[in-house]
Every structure is written in structure tokens, then in C-alpha cells.
Amino acid sequence: MRLTRQLPGALLGLTALVAFLLGAALLGAGPASAHDTLESTSPAAGATVPAPPGTVSLTLSERPLALGTQIKVTDAAGTNWSDGAVQIVDNVASQKLKAGAPAGPYTVQWRVASSDGHPIEGTFTFTASAAGTAAATAPASGTVPTLGTAPPGSTAAPTPAPDASQPFPWSIVIFVAVAVGILVALALSAKRRLNAGDDS
């Protein structure tokens, strides 16, 4: 009879314990499953732009981690036009593109390490109506010299070399002389004391 009275209480305690553990597990899993999300892109997914942009950017719900974040922008031929590493400012990850990209469709493949360390990834496309401008090239030889450049055929006057000689360190010589004098005086004083001790 005593056992049957204790069973409902034991079952009630066990049920409460299971409910507590289940609730704690759900609360712990809630924040962990809330990974960062992609809010927008530039250019927008599926958009048509006049020319290939200088940068492609992703705006996320939280600031992503730099480690593991990659953005690859390829044209229809599969050439990757990404230039350098991804730059992250606040919650925006930006990828610079090389100059001179052709017209046509582009595919952006991105992989971002979200703020909780979980990687998220995706793809989107955009189209450039015209090709981008090529990068400026360095001036060829024989062009007009710029300011500060000697004209052809002239020789710049040599600049005098700075005086490398340094003043003689007299202070060190004086210090050494004083130190030697003190040592000599101490040695003579000690010798006199020894001689005086021998006489006595």
C-alpha cells in the first residue's frame, strides 16, 4: 500500500525533471540555430547593370568573421574577376573586382563565416550590359617628364654626402682617466696600509 502511494509522487517528480531538461535543451538550441542571414546584395540578385561594378558586396544580419569569408565573381567563360581579399566593414562584406571585365552574365559564389562561427554560403547572378574600362597603364618611355624628373640629356648635380664623421668622444676619455686615477689612488692607499702593518 505504501508503494502505491509513493508511485504517483515519483512519477510526478520524474515528469518534472524531464520537462526541465527538455526546456533547457530547447533554450540552448535556440540561439545556436539562429545563424546570420544574407539581407541583400550589390548588385541585386538577377539585376542588369550598365557595366561590371568595381565591387560586389553582401549585407548580412550580423558582422561576419573575416576568417573563411570568400566571394568569387566569374564571367560566362569561368574567369574569376575577384581582386584581393574580402573587406569587411560592420555587417557588409565587399569584394573588389579587376578592371576590364567583359559584358555578359556573372555568377557570384560566396561563403561567409557568420558571427557564431557557422559558415553560410550561396550564389546569385547579375548581368553587365557593357564591358568595363581597362586599368590605366604606366606611361611609356620617351614621354614628357613629370615634375621633379630631369629632362633628357641633363645630369643632375650630385648632392653632397652628409658628414659621416662624429666628434671625438672626449667625455669617455675623461671618464676613463678619472676612473684610472681613482684606482691608482686606492692601490697606493692600500699599499701604504700594508706597509704600515708590516712595520708595526
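This is a short walk through one protein chain, from its overall layout to a few single residues.

First, a caution. What you see is a predicted model. The protein chain averages a pLDDT of 75, and 62% of the residues score at least 70. Two stretches need care. Over residues 10–33 the pLDDT is below 50, and beyond near neighbours in sequence this stretch has one contact in the model. Over residues 162–166 pLDDT also stays under 50. For those residues the model has zero contacts beyond four places in sequence.

Now the layout. The protein chain has two helices and eight strands. Read along the sequence, the pattern is α-β-β-β-β-β-β-β-β-α. Of the 200 residues, 17% count as buried. The protein chain exposes about 14600 Å², and carbon and sulfur atoms supply 65% of that area. What about contacts along the chain? Take contacts between residues at least 6 apart in sequence: 59% of them join residues at least 24 apart.

Next, the sheet. Which strands make it, and in what order? It is an open sheet of four strands, ordered β2-β8-β7-β4, with mixed pairing. The edge strands are β2, residues 48–49, and β4; each pairs on one side only.

β2 and β8 run parallel, and two bridges join them. Here Thr 48 stands opposite Thr 127 in β8.

Then comes β8 against β7. These two pair in the antiparallel sense over 10 bridges. Val 112 stands opposite Ile 120 in β8. Arg 111 stands opposite Glu 121, again in β8. The two strands also form a hairpin, with five residues between them. Look at Gly 117 in that turn: its phi is positive, about 90°.

Ile 71 has Trp 110 in β7 as its bridge partner.

Ile 71 takes us to the core. The largest nonpolar core has 20 residues. Which residues have the most contacts inside it? They are Ile 71, Val 73 and Phe 126. The elements that give two or more residues to this core are β3, β4, β7 (104–113) and β8 (119–128). As background, nonpolar side chains in soluble globular proteins tend to be buried together.

Stay with Phe 126. Leave aside its neighbours within four places in sequence. Phe 126 is then in contact with Pro 43, Ala 44, Ala 47, Val 49, Pro 53 and Val 56, among others. Its contacts also include Val 73, Gly 104, Pro 105, Tyr 106 and Val 108.

How many aromatic pairs does a search of the whole structure find? One. Tyr 106 and Phe 126 form that pair, and it is stacked: 5.3 Å centre to centre, 10° between the planes. Why does the pair tie together parts that are apart in sequence? Because Tyr 106 lies in strand β7 and Phe 126 in strand β8, the pair links parts 20 residues apart in sequence. Buried or exposed? Both Tyr 106 and Phe 126 are buried.

Now two threonines. Start with Thr 74, in strand β4, which covers residues 65–74. Its relative accessible area is 11%, so Thr 74 counts as buried, the cut-off being under 20%. What does Thr 74 touch beyond four places in sequence? Thr 79, Asn 80, Pro 105, Tyr 106 and Thr 107. Note Tyr 106 in that list. It is the tyrosine of the stacked pair with Phe 126.

The other is Thr 59. Thr 59 sits in strand β3, residues 55–60. Not counting residues up to four places away in sequence, Thr 59 touches Thr 37, Leu 38, Glu 39, Ser 40, Asn 91 and Val 92. How far is Thr 59 from Thr 41? They are 18 residues apart in sequence and 6.1 Å apart in space, C-alpha to C-alpha.

One, the open sheet in the order β2-β8-β7-β4.

Note on methods. Residues are numbered from 1 along each chain as its sequence is written. This is a predicted model: local features need pLDDT of at least 70, side-chain atom pairs count only at pLDDT 80 or more; totals for chains, interfaces and linings use all residues. Side-chain values use heavy atoms; hydrogens and water are left out. Contact means heavy atoms within 4.5 Å. Buried means under 20% relative accessible area, exposed over 50%, partly exposed in between (1.4 Å probe, protein chains only). A nonpolar core is a set of buried Ala, Val, Leu, Ile, Met, Phe, Trp, Tyr and Cys residues joined through side-chain atoms within 4.5 Å. Two strands pair if DSSP finds at least two bridges between them. Rings of Phe, Tyr and Trp (its six-membered ring) pair if their centres lie within 6.5 Å; planes under 30 degrees apart count as stacked, over 60 as edge-to-face and the rest as tilted. Accessible areas come from the Shrake-Rupley method with a 1.4 Å probe; for residues, only the protein chains shown count as cover. pLDDT is the predictor's confidence in each residue, from 0 to 100.
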